[in-house]
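Here is a friendly walk through the structure, one neighbourhood at a time. Keep the viewer open and follow along.

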Amino acid sequence: MSQDTGIVRTVVADRTDLEDLYVRHVPGAVRVASLITGDADLAQDIAHDAFLRSVGRFRHLRQPDAFEAYLRRAVVNACTSHFRRRKVEAAYLRGRARSAAPADQPDHGRRDELQMALSALPARQRAAVVLRYYADLSEQQAGETLGCSAAAVRSMVARAMETLRERIPRSEDT
Amino acid sequence: MNDLERDLREALNQDARRVPTPNSAPDGLRRSVRRRQAVFGGLVGLSALAIAAGIVVGATTLLPARSGRPAGEGAMTTGTLNGITITYPTAWHLIDPDEAGLNGPGPSTLPRIVLALAPQPQGDAFGCPGMAGGEQPTFLMTVQEEPLAHSGTGSAWPARLEPLNIGAAESGCYPDWEFQRAGWTIADRTFEARIGFAPDAGDDDRDGVFGAFASMTFAASPDGISSATLATGTAGGQEWSLIATRESDGLGLTLQGESSGAGVGSFEPSPQQLQVSSHAFGEGPNRELVLFGAAPPEVVRIEAVEASTADGSFVSADVLDVPNEIDPDLNAFALVVPSGETFDIRGFDASGNVVISGSGGGGPEGAAEPTPFPGAALEDGRHFGYVRAVDMEAGTIEFDLAYFLSGEEANQAYQEAGGTGPVPNDHFVVNDNPMLRTLTLALDVRLRLLDWNHCCDAFFDGDLALFAEAIWERADVTDGDLIYRGQSQWWITVEKGVVTEIEEQYSP
């Protein structure tokens with residue numbers, strides 16, 4: 001059978017590996033992208049595109065188990081670049097920040113307020129929070145993903161938490 | 001974990017569960033990957049190969065200089081790329097990595113691929129052989145130049161190729177390939193070669209590649225030594241390297257870990273204060289800090305003493321020689337110390353006298369307070385200049401230091417600059433150094449902006465996001481009747497290396 005030949009065997013193995021890689025890593029990447037961008041459709045596009053860009057580059061060959069981290073980094077970069085490219089982030093954030101102000105909004109409950117306040121954070125702060133509190137990365141790992149130091153992650157998260165505390169009431173107040 | 005953190009985790013997890021995700025790979029995925037790789041083909045394959053590693057067992061471990069001529073039959077040719085001369089079968093292709101786009105855009109900084117050899121032209125051979133249609137290459141070879149392994153730490157040439165196992169994740173591009181690598185230093189340059197053999201590579205391929213590898217001769221770089229690895233060590237369970245680089249505005253030092261690092265640029269000779277930066281490796285109780293920086297040439301040893309203890313415990317190390325071609329006026333140092341402590345750092349001359357001092361480290365574990373951005377910092381105090389950029393997320397500004405002169409000083413500077421008579425408006429700004437300093441903002445940094453509606457001695461406390469927007473746009477941004485000027489002059493107050501206040505300077 002021709003499948004015993006080297007080339008055919010290789011092709012079959014490739015497809016299996018590639019699809020397996022996709023199913024294992026892309027759903028998680030979509031979730032991270034969605035939490036950062038707040039847009040599920042955009043997140044699908046970003047994660048898929050990041051996968052296509054990541055899979056052939058194989059920088060993770062030096063650390064073969066690092067594909068997930070490499071893909072995550074590509075996704076986070078794509079998310080933050082999305083806002084930067086549009087050059088509307090500042091206006092967007094200002095608008096969201098105002099709309100997220102508790103005084104301007106009906107009481108949706110603490111979780112809704114949290115989600116709204118989270119969406120109003122600057123993109124990299126939002127990414128840092130998602131990586132720390134959703135992906136459960138250490139400051140160092142988050143720094144590797146964001147391309148900055150652990151101290152910068154600490155600073156970003158601290159600023160984000162400070163903003164969130166300002167924008168949402170304490171739980172005992174709710 | 002406090003209430004906010006707990007609620008945040010729950011909210012994020014709840015959001016994430018609502019996100020629709022694919023449960024299978026889309027049709028045409030492989031085709032999409034191949035199409036994408038056709039675009040990135042050259043870069044993909046060689047970079048991967050240069051970064052990857054692998055191994056072929058036993059065979060030819062050594063890359064002996066086999067008479068400078070590859071084994072194998074047929075006509076041979078010789079080519080030179082980036083100072084490397086290599087002899088290889090005429091049927092093969094010597095590929096310039098820059099022309100093939102293998103190093104990507106940007107400056108030619110090290111590490112950098114300097115030579116590639118393949119049986120086919122790059123468009124066919126490189127990319128992702130395992131997923132490419134058509135004939136697959138039987139081997140690929142790249143040589144990457146690394147920062148010079150300084151102080152004789154590199155292996156000599158001829159070098160020995162050694163097997164290197166790679167994981168399964170790359171099998172899509174290099175299914176069942178075998179890889180070998182070798183590293184060596186010669187002619188004040190350090191190299192690493194990676195050779196990969198496809199499963200159907202024959203003995204002729206192997207003999208030809210090994211012969212070509214062994215035939216290489218090396219010339220010194222016409223640019224001299226531009227980058228060197230000064231030291232390596234372990235901190236927090238991770239290996240690190242300290243790399244010195246010649247930069248346009250002075251010495252640059254990079255502390256490179258396995259998965260993270262810190263870069264510092266623009267070191268300038270300073271007779272008074274050690275220029276210290278740091279980076280932490282590891283987590284929890286294993287976390288350690290590497291203090292590193294530059295020192296003037298008379299310093300031969302560096303000592304770091306815990307500032308909070310009086311028992312005299314310290315860590316010390318000899319300074320690291322920075323090649324003169326990189327910086328003739330500075331050497332470097334690196335010390336591994338416990339994380340979370342503040343250290344007084346002293347530099348000793350050959351006679352054992354303290355000739356310079358500084359401080360480093362500091363901050364309790366997990367502290368949220370910003371730490372000074374490494375390098376190019378400003379002394380504590382008030383400084384005049386221009387804010388060129390604001391990074392809200394990182395909490396930093398790019399600051400262009402200048403000098404605000406008034407009175408006779410301003411008149412003199414004005415006239416030296418070609419002006420005649422007294423300087424207009426009784427002030428003159430001197431900005432003769434283009435260097436930008438990245439400075440960390442305090443969490444509660446105060447922004448005092450001129451209220452142009454009540455000009456010009458009334459200030460209001462500004463919003464950092466609007467300030468950032470104005471600086472980004474280099475244009476005025478208004479918030480009601482308040483104006484954030486995108487192009488103005490500023491006084492910043494630095495305390496403990498962190499910017500605590502930014503105040504606008506009136507200028508008509």
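## Charges over rings

Let's begin with arginines and aromatic rings in chain B. B:R206 lies over the face of B:F197, at 4.7 Å from the ring centre. A second case involves B:R448, whose charged end sits over the ring of B:F459, 4.3 Å from the centre of that ring. Please keep in mind that this is a predicted model.

## Aromatic pairs

How many aromatic pairs does the structure hold over all chains? There are 17. One of them is formed by B:W157 and B:F218, an edge-to-face pair with 5.1 Å from centre to centre and 80° between the planes. This pair links distant parts of the chain: B:W157 is in the loop between β6 (148-149) and β7 (162-163) of chain B, B:F218 is in strand β10 (residues 217-218) of chain B, and the two are 61 residues apart. B:W157 and B:F218 are both buried.

Another pair to display is B:F467 with B:W490. Their ring centres are 4.9 Å apart and their planes stand at 80°, so this pair is edge-to-face. Because B:F467 lies in helix α6 (residues 464-473) of chain B and B:W490 in strand β29 of chain B, the pair ties together parts that are 23 residues apart in sequence. Buried or exposed, what are B:F467 and B:W490? Both are buried. Back at B:W157, there is also a cluster to colour: B:W157, B:W184, B:F191, B:F213 and B:F218 form one aromatic cluster.

The order is β1-β2-β10 (chain B), and the pairing is antiparallel. β1 (76-81) and β10 of chain B each have a single partner strand and stand at the edges, so one side of each is left without a neighbour in the sheet.

Strand β2 (residues 84-89) of chain B is joined to β10(B) by two bridges, and these strands run antiparallel. Which residue of β10(B) stands opposite B:T85? It is B:T217. Helix α4 (residues 203-215) of chain B packs on this sheet, where it touches β2 and β10 of chain B, and its direction makes about 155° with that of β2(B).

## The four-stranded sheet

Chain B also has an open sheet of four strands in the order β18-β17-β20-β21, again with antiparallel pairing. Its edges are β18 (314-318) and β21 (354-361) of chain B; each has a single partner strand, so one side of each is left without a neighbour in the sheet. From one strand to the next, the twist averages 20°.

To see one of the pairings in detail, look at strand β20 (residues 342-348) of chain B, which runs antiparallel to β21(B) and is joined to it by seven bridges. Here B:R346 stands opposite B:S357 in β21(B).

## Around strand β29

Now return to the strand that holds B:W490. Why is strand β29 (residues 489-495) of chain B described as largely enclosed by the rest of the structure? Six of its seven residues are buried, so the description follows from that count.

Strand β29(B) pairs with strand β22 (residues 381-391) of chain B through five bridges, running antiparallel. Within this pairing, B:G381 has B:V494 as its bridge partner in β29(B). Seven bridges join β29(B) to strand β30 (residues 498-505) of chain B, also antiparallel, and B:E495 stands opposite B:V498 in β30(B). The hairpin of β29(B) and β30(B) has two residues between the strands, and B:K496 takes a positive phi near 50° there.

## Chain A

Chain A has eight helices and zero strands. Of its 174 residues, 53% count as buried. Among the contacts in chain A with a separation of 6 or more, 59% come from residues 24 or more positions apart.

Helix α1 (residues 6-37) of chain A includes A:T37, which is buried with a relative accessible area of 9%. A polar atom of the A:T37 side chain lies 2.8 Å from the backbone oxygen of A:A33. Further along, helix α5 (residues 110-119) of chain A has seven of its 10 residues buried, so this helix is largely enclosed by the rest of the structure. The buried residues of α5(A) are A:R110, A:E113, A:L114, A:Q115, A:A117, A:L118 and A:S119.

Terms used
Residues are numbered from 1 along each chain as its sequence is written. Chains are lettered from A and ligands numbered from 1 in the order in which they are written. This is a predicted model: local features need pLDDT of at least 70, side-chain atom pairs count only at pLDDT 80 or more; totals for chains, interfaces and linings use all residues. Side-chain values use heavy atoms; hydrogens and water are left out. Buried means under 20% relative accessible area, exposed over 50%, partly exposed in between (1.4 Å probe, protein chains only). Two strands pair if DSSP finds at least two bridges between them. A polar contact is a pair of N or O atoms within 3.5 Å; within protein, one must be able to donate a hydrogen and the other to accept it, and residues adjacent in sequence count only if both atoms are side-chain atoms. Rings of Phe, Tyr and Trp (its six-membered ring) pair if their centres lie within 6.5 Å; planes under 30 degrees apart count as stacked, over 60 as edge-to-face and the rest as tilted. A charge sits over a ring if NZ of Lys or CZ of Arg is within 6 Å of the ring centre and within 35 degrees of the ring normal. Contact means heavy atoms within 4.5 Å. Axes are lines fitted to C-alpha atoms, for helices over the stretch in contact, and angles run from 0 to 180 degrees between N-to-C directions.
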